[in-house]
Amino acid sequence: MSKKKSTSKAKSGMQVKKDAKGRFWLVPKDGGSEHGPFATKKEALDAKAAPADGAPASDAKEEKKSAKAKKAKPAKEKKLSAIDAAAQVLVGSKEAMNCKELVEAMAAKSLWTSPGGQTPWATLYSAIIREIALKGKESRFVKSERGKFTTKA
């Protein structure tokens, strides 16, 4: 059998090689007997990772995971994005607003504050226009006049 190329090397003393026919083989680095053929590289890697006693590798992984069970963290309150906050402000507003007014209203209602950007209104404008373009009639926003937006009634 002619070996085409080495595709993976491991610390275990075995490496996965691919032959000219596209089959994968487990070959010891010290020149011992080969194991295979395997149809896919994943199968060969799974066979290489399996413990010597013949137990499947997935059982060994599950045992490690259960031994190191992480403590459940309390769910954080997710911050409201600028576009979601703008939608909330527009729902409460009866008139169309431009993005600069929206950013000021969001900050006044403590819904969203700029993380330090120089032009948050331009970013908000871009996000609203992008949502209108992508979602079309399903968008939360409607462009009422130049630079001003409302929500769908």
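Predicted model: local features only at pLDDT ≥ 70, side-chain atom pairs only at ≥ 80, totals over all residues.
User: How many bridges pair β3 with strand β4 (residues 35–38), and in which sense?

Analyst: Two strands count as paired if DSSP finds at least two bridges between them, and here β3 and β4 pair in the antiparallel sense over 2 bridges, with F24 standing opposite F38 in β4. The hairpin formed by β3 and β4 has 6 residues between the strands, and G31 in the turn has a positive phi of about 90°. Residues are numbered from 1 along each chain as its sequence is written, and side-chain values use heavy atoms, with hydrogens and water left out.

User: Is strand β3 (residues 24–28) mostly covered or exposed?

Analyst: Buried means under 20% relative accessible area, exposed over 50%, and partly exposed in between (1.4 Å probe, protein chains only). By that rule 5 of the 5 residues of β3 are buried; F24, L26 and P28 point one way, whereas W25 and V27 point the other way.

User: Which residues of helix α5 (residues 120–135) are buried, and why are they on the same side?

Analyst: An α-helix has 3.6 residues a turn, so residues three or four places apart point the same way. In α5, P120, L124, A127, I128 and E131 are buried. They cover an arc of only 95° around the axis (taken from the directions from the helix axis to the C-beta atoms), which puts them on the same side of α5.

Terms used. Helix = DSSP H or I, 4+ residues; strand = E, 2+ residues; numbered from the N terminus.
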